[in-house]
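Q: Hi! Could you walk me through this one? I have a handful of quick questions.

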Amino acid sequence: MAITSAFAFSTAILTAIIPIAVPLLLASHLSGAGLIAALAVSTTIVDTSPFSTNGALVLSNARGVDTRRFYRQVIGYTGGIVALGPVVAWGALVLPWS
């Protein structure tokens, strides 16, 4: 989900993911509020991706920095967030309440 959201509008991804999560909620003992919150965090945390609107705006408005280096830093940050963000959100928002 985070990978998809890094390239697409987070709110649109969230509205597509929540209905898909309903069968998971019905078939398990997971916290509904925690799962929806984790999904929301996972889809919006990557908005700094240079491929998303917000990330592209940040890159285009960067002043006084080496743009290639800044781009690489943003890509690295986004990769880390895509890998760790959903895991941390799941661990903090779903597991304690399940």
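A: Happy to! A word on terms to begin with: helices (H or I, at least four residues) and strands (E, at least two) are DSSP runs, numbered from the N terminus. Also, this is a predicted model.

Q: How much of the chain counts as buried?
A: Of its 98 residues, 30% are buried. The chain exposes about 6,000 Å², with 71% of that coming from carbon and sulfur atoms.

Q: What about contacts between residues at least 6 apart in sequence?
A: Among those contacts, 67% join residues at least 24 apart.

Q: Let's zoom in on α3. What does it span?
A: Helix α3 covers residues 32-44, which is 13 residues. From first C-alpha to last it reaches 18 Å, close to the 18 Å expected at 1.5 Å a residue.

Q: Which of its residues are buried?
A: In α3 the buried ones are G34, L35, A38, L39, S42 and T43. Viewed down the axis of α3, they fall within an arc of 160°, so they line one face of the helix.

Q: Nice. Why would residues three or four places apart point the same way?
A: An α-helix has 3.6 residues a turn, so residues at that spacing point the same way.

Q: What happens at the start of α3?
A: There, a side-chain oxygen of S31 comes to within 3.1 Å of the backbone nitrogen of G34. G34 is also one of the buried residues of α3.

Q: Switching topic: where is I13 found?
A: I13 sits in helix α2, residues 10-26.

Q: Buried or exposed?
A: I13 is buried, because its relative accessible area is 13% and the cut-off for buried is under 20%.

Q: How far is I13 from V88?
A: They are 75 residues apart in sequence, and C-alpha to C-alpha they are 19 Å apart in space.

Q: Last one: what about L84, buried or exposed?
A: L84 belongs to helix α5, residues 67-93. L84 counts as exposed because its relative accessibility is 56%, and exposed means over 50%. As for S98, L84 is 14 residues from S98 in sequence and 20 Å from S98 in space, C-alpha to C-alpha.

Technical notes. Residues are numbered from 1 along each chain as its sequence is written. This is a predicted model: local features need pLDDT of at least 70, side-chain atom pairs count only at pLDDT 80 or more; totals for chains, interfaces and linings use all residues. Side-chain values use heavy atoms; hydrogens and water are left out. The expected span of a helix is 1.5 Å times one less than its number of residues. Buried means under 20% relative accessible area, exposed over 50%, partly exposed in between (1.4 Å probe, protein chains only). The arc is that of the directions from the helix axis to the C-beta atoms. A polar contact is a pair of N or O atoms within 3.5 Å; within protein, one must be able to donate a hydrogen and the other to accept it, and residues adjacent in sequence count only if both atoms are side-chain atoms. Contact means heavy atoms within 4.5 Å. Accessible areas come from the Shrake-Rupley method with a 1.4 Å probe; for residues, only the protein chains shown count as cover.
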